[in-house]
Amino acid sequence: IDDLNNEAIRVELDIVARRAELSNQNLDLINRLVDLLMQSGNYWEAIKQIELNTIGDNPNLRLQFSLARCRQHVRQFDKAMESYEIAIQSLRELQITDYPEWTTLAVEDAIQLAEAMDRSKLAVTWKEIAESIAKVD
């Protein structure tokens, strides 16, 4: 079953990659491509795709969190922290009232990394954000 699942991910990855290439930066396709790359453990390629498809200095929020998570997986912890800080700052500025589940999970990942890196002030601030997101859910 795992082999079939991995093959299905590879096939979908090929299709989404081609569609993203043809669609000229369709954010939904880029997000799906990055998700598939992360699922397949190809974090370096996901980082590359995020960097290639980032529009200006303000990528979409999901891509910001994905970049942080990828950097964490490839053990670029300082860069991951920077990416989480940017993403969480964007999250606060957007003042969204309806957060998707991935947002809560990404903030929890950020908190774990901040705690592991002894950045307790950031961890406390991010926990408050996570609690406010949980209240909205």
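In the predicted model, the contact between α4 and α5 (heavy atoms within 4.5 Å) involves Leu61, Gln64, Phe65, Leu67, Ala68, Arg69, Arg71 and Gln72 of α4, which meet Phe77, Lys79, Ala80, Ser83, Tyr84, Ile86, Ala87, Ile88, Ser90, Leu91 and Leu94 of α5. By class, this contact of α4 with α5 comprises 12 nonpolar, 4 polar and 3 charged residues (Ala, Val, Leu, Ile, Met, Phe, Trp, Tyr, Cys and Pro count as nonpolar, Asp, Glu, Lys and Arg as charged, and the others, Gly among them, as polar). Helices are DSSP runs of H or I with at least four residues, numbered from the N terminus.

The axes of α4 (residues 61-73) and α5 (residues 77-94) come within 8 Å and cross at roughly 160 degrees; axes are lines fitted to C-alpha atoms over the stretch in contact, with angles from 0 to 180 degrees between N-to-C directions. Helix α4 is therefore roughly antiparallel to α5 (angles over 145 degrees). Their crossing is left-handed, the near helix being turned anticlockwise from the far one by less than a right angle.

Arginine 75, in the loop between α4 and α5, has a positive phi of about 65 degrees although it is not a glycine. Arginine 75 is exposed, at 64% relative accessibility (exposed: over 50% relative accessible area, 1.4 Å probe, protein chains only). Aspartate 118, also not a glycine, has a positive phi of about 55 degrees. Aspartate 118 lies in the loop between α6 (101-116) and α7 (120-136) and is exposed, with a relative accessible area of 69%.

Residues are numbered from 1 along each chain as its sequence is written, and side-chain values use heavy atoms, without hydrogens and water. Local features need pLDDT of at least 70 and side-chain atom pairs count only at pLDDT 80 or more, whereas totals for chains, interfaces and linings use all residues.

Technical notes:
Helix = DSSP H or I, 4+ residues; strand = E, 2+ residues; numbered from the N terminus. Parallel < 35°, antiparallel > 145°, perpendicular 65-115°, else oblique. Buried < 20%, exposed > 50% of the residue type's maximum accessible area, 1.4 Å probe, protein only.
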